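Subject: Structure handover

Hello,

Here is the structure I said I would pass on. My notes on it follow below.

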Amino acid sequence: MTAPFSWIRPEPWGIHIAPADVWIDPARAVPKALVTHGHADHARGGHGETIATPATLAIMKLRYATSDGAVPVEYGESIGLGGGVTATFLPAGHVLGSAQILLEHAGERVIITGDYKRAPDPTCAPFAVTPCDIFITEATFGLPVFTHPPIEEEIGKLLAARAANPDSAILVGAYALGKAQRVIAELRAAGHSDAIWLHGAMEKLCRLYEEHGIALGDLKLVSDAGKDDLRGAIVIAPPAALNDRWSRRLPNPVTAMASGWMRVRGRARQRGVELPLVISDHADWNELTRTIADVNPQETWITHGREEALLRWCDLSQRRARALALVGYEDEDD
Amino acid sequence: MEEFAALLDALVYTTSRNRKLALIADYLRAAPDPDRGWAMAALTESLDFPAVKSSTIKALMMERVDPLLWQLSRDFVGDTAETASLLWPEPQDAAPQPPASLSDVVAQLSALTRASAPTQLAQLFDRLDAKGRFAVIKLATGGMRIGVSARLAKTGFAQAFGVNVEEVEEYWHALTPPYADLFAWAAQGGPAPDLAGKPRFRPFMLAHPLEEGSVDLADYAAEWKWDGIRVQMVRAGDETRIYSRSGDDISATFPEFLTRLPFEAVLDGELLVRGSAQGGETGGAASFNALQQRLGRKNVSAKLLRDYPAFVRLYDVLLADGRDWRAHPWKLRRATLEALMPRLPASHFDLSALVEAPDFASLAAIRETARDEAIEGLMLKHRESPYVAGRKAALWYKWKRDPLLVDCVLMYAQRGSGKRSSFYSDYTFGCWTGDPEAGGELLPVGKAYSGFTDAELKELDRHVRQHTIARFGPVREVERRLVFEVAFDSVHTSKRHKSGLAMRFPRIHRIRWDKPAHEADRIASLRALIKD
């Protein structure tokens with residue numbers, strides 16, 4: 001009889017499942033990987049075999065132009081990994097295709113959340129609370145100062161800024177995968193039916209979302225715009241483009257950024273953001289703590305982010321927890 | 001109150017100077033009296049509520065938030081007011097009544113005592129949202145750090161009412177919040193504030209750095225840039241005042257001058273302490289380090305006056321004997337000042353000598369000696385320049401000597417505030433006591449938080465997080481492996497660091513990712529540069 005949970009080992013570059021020799025979101029190429037979602041810090045190319053949801057595989061194919069060894073697994077479907085380990089993919093509510101992975105071995109249940117959120121998102125399936133023994137959670141926004149307001153309020157600010165600046169382009173920095181499409185979908189839900197202008201880096205992923213049944217309305221490329229087309233328009237670009245030469249083509253741009261970090265004034269000022277929009281695809285502090293309480297595991301492991309504060313909360317609520325020192329998951333732009 | 005909170009919030013997120021000015025001007029035109037006066041006082045940091053300190057806010061939070069969660073949050077956010085505004089538990093009961101006006105809040109804050117502050121502040125916070133709490137805490141504790149200088153606020157005031165900002169500056173330091181006379185004059189076309197017979201501050205004329213190139217000495221006069229503090233000595237009627245560069249009245253710190261100005265005048269000079277560090281015996285001035293013993297004191301002992309006798313080395317004359325010299329060329333003001341010297345007591349005043357050189361190259365050679373003389377460098381003043389407030393192109397230049405450089409090893413890092421918040425941006429670095437191979441240790445010699453680019457800051461932040469070996473509250477101790485080339489103006493003996501040394505104006509000159517830590521400099525080589 002081996003020690004409980006000795007089959008799952010956190011290493012600095014990923015979580016290793018020894019009996020099946022499988023890695024979760026490894027930061028380097030491995031023979032066999034389970035991938036929670038398509039963001040570049042979790043989904044890297046070059047694995048021998050990649051097991052993920054069909055949408056995540058489609059995103060990876062788009063980004064790495066290869067689909068060798070792709071093994072699609074639907075939400076709720078279980079797959080044997082060998083060595084007596086079974087994996088089940090469950091919705092994580094982070095971006096299209098994002099999954100928590102439930103691993104079962106020798107009667108023990110472990111969930112790896114990848115990145116997740118609990119707030120509603122029209123572009124992906126909602127997080128499924130699932131019982132387990134060990135809950136391995138992210139903690140990107142693991143400080144009590146991080147509370148994300150309802151997205152309708154933030155979309156309201158964006159539309160108000162547009163109304164107040166009819167001669168300006170409202171330039172919104174947003175992650176190309178997930179955030180951009182969510183902001184567009186929420187703008188549509190708020191009744192904004194005008195064309196939304198995209199940076200070129202957004203185009204393929206928006207098309208992929210539409211192919212997966214998420215309607216985004218009238219999208220146009222900034223590179224096709226005449227200068228006056230962009231007056232009073234909402235433009236969406238990756239955060240790196242905000243202060244780049246690219247944005248100089250826009251008429252008197254008002255710089256907005258959709259990110260959970262915008263809750264802190266210093267972070268907005270560091271990026272020269274004039275209109276901070278607190279919109280995140282990660283769980284905020286209340287969601288993180290509520291989720292741990294909802295799942296109510298025997299033990300919580302924290303992969304990346306502000307783990308000290310979440311550890312403290314677990315301690316104060318008399319829950320067992322430990323921090324895993326995983327490297328390479330940086331989410332500066334979310 | 002809501003309008004003021006919205007103004008602060010908008011200012012935080014606005015980078016363009018013109019948009020900031022427009023925001024301030026719009027607010028000042030729309031807000032009623034005396035709210036707008038209190039707002040000006042807040043923006044210029046002219047308010048003081050002694051019963052509320054940053055520690056008061058922290059204590060309030062400690063009763064409501066776990067101390068470790070508070071500390072981790074404060075450390076990340078980099079601003080106590082903002083952290084508290086975000087972490088304050090939202091009241092559960094029905095929608096609270098927001099406080100009526102900024103003036104009400106100011107009145108409430110003024111009435112607080114140490115004992116009443118906690119409960120009163122808590123009630124106030126319960127009536128506000130996060131934005132409002134941020135504004136109230138900033139107002140109550142001072143130190144706005146919202147990217148608005150007092151000068152910018154006054155410029156916004158001038159823009160709001162179409163008056164001259166220099167005129168505003170002149171009245172400003174003689175008036176007190178909420179500046180009723182100032183608003184009556186600027187906003188309602190009332191008479192100008194009557195300041196006759198009262199001493200008041202005139203804004204300083206400042207210099208641009210001379211980066212490269214040269215000037216023609218036929219047009220420019222040179223004098224030493226003494227290393228003290230710039231002051232303005234003012235006598236009006238029987239009252240004498242000393243103002244610092246920012247216009248603060250520092251008369252109480254230097255009482256020995258208050259009976260020494262025998263006629264009505266406004267004089268510009270450098271406050272120094274007697275000694276021989278700067279320019280040797282003929283220079284007659286001690287190092288800045290000696291002057292520091294006198295700065296910031298409210299009570300000045302007889303011993304302090306005896307050990308660190310201060311004097312003012314005069315640069316310029318603005319007013320004398322009822323005559324305003326500011327519009328006249330420098331050469332005429334200089335002659336006037338020279339003529340005034342015999343009427344001033346030599347015990348407390350002398351004249352900043354001109355540095356004569358036949359041409360610019362010879363002047364450059366003289367400037368090279370400035371380091372040995374422990375002087376900051378040279379000033380170059382256009383002989384025809386009027387005395388005008390602020391920095392005006394091509395009138396005055398400061399030509400500082402090149403900085404000293406030393407290679408130090410990063411030892412500790414702390415997160416910054418304001419624009420640098422949430423990044424490890426404050427670095428303490430050290431030099432070796434001896435050969436590191438033979439047991440030499442690193443001792444801290446200074447701290448710097450500037451000199452690097454935003455991109456470098458991100459790399460440094462990552463370096464700190466990945467090489468942390470210990471934590472002391474908000475401070476991280478890092479592996480001794482990264483070398484900084486540190487630039488500084490001078491080095492002095494100090495009790496602040498264990499090394500017994502303190503640098504002036506240290507900043508990161510270059511990050512030496514390539515240099516092994518053991519090749520950094522020794523304490524002894526830094527000590528050799530002391531000119532105390």
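Two residues are called in contact here if their C-beta atoms, placed from the backbone, lie within 7 Å. The model is predicted, so local features need pLDDT of at least 70 and side-chain atom pairs count only at pLDDT 80 or more, while totals for chains, interfaces and linings use all residues. Residues are numbered from 1 along each chain as its sequence is written, and chains are lettered from A and ligands numbered from 1 in the order in which they are written.

Chain A overall

Chain A has seven helices and 19 strands; these are DSSP runs numbered from the N terminus, with helices being H or I of at least four residues and strands E of at least two. The radius of gyration of chain A, 20 Å, is close to the 20 Å that the globule rule gives for 334 residues, so chain A is as compact as a globular protein of that length. That radius is taken over C-alpha atoms, and the rule is 2.2 Å times the number of residues to the power 0.38. Along the principal axes, the C-alpha atoms of chain A fill a box of roughly 70 × 45 × 30 Å. Of its 334 residues, 51% count as buried. Buried stands for 20 or more other C-beta atoms within 10 Å of the residue's own, exposed for 12 or fewer, and partly exposed for values in between, with C-beta atoms placed from the backbone. Among contacts in chain A with a separation of 6 or more, 59% are between residues 24 or more positions apart.

Domains

Domain bounds come from an automatic or database domain assignment. Chain A is divided into domain 1 (8-145 + 282-323) and domain 2 (151-277). Their centres, taken over C-alpha atoms, are separated by 29 Å. In chain A, 17 residues of domain 1 are in contact with 16 residues of domain 2. The domain 1 side of that contact has 10 nonpolar, five polar and two charged residues. For these classes, Ala, Val, Leu, Ile, Met, Phe, Trp, Tyr, Cys and Pro count as nonpolar, Asp, Glu, Lys and Arg as charged, and the others, Gly among them, as polar.

Chain B is divided into domain 1 (2-141), domain 2 (205-400) and domain 3 (404-527). Between the centres of domain 1 and domain 3 of chain B there are 35 Å, taken over C-alpha atoms. Their contact takes six residues from domain 1 and eight residues from domain 3.

Between the chains

Where the chains meet, 18 residues of chain A are in contact with 21 residues of chain B. The largest share of the chain A side, six residues, comes from α5(A). By class, that side has nine nonpolar, three polar and six charged residues.

Cores

A nonpolar core is a set of buried Ala, Val, Leu, Ile, Met, Phe, Trp, Tyr and Cys residues joined through C-beta atoms within 7 Å. The largest one has 164 residues, of which A:Val172, A:Val235 and A:Ile236 touch the most other members. Helix α9 (residues 130-141) of chain B gives the most to this core, with seven residues. Neighbours within four places in sequence aside, the contacts of A:Ile236 include A:Val172, A:Ala174, A:Ile196 and A:Met202.

One more residue

A:Leu205 lies in helix α4 (residues 203-211) of chain A. A:Leu205 counts as buried because it has 22 C-beta neighbours inside 10 Å. Leaving aside neighbours within four places in sequence, A:Leu205 is in contact with A:Leu62, A:Ala176 and A:Leu177.

Regards
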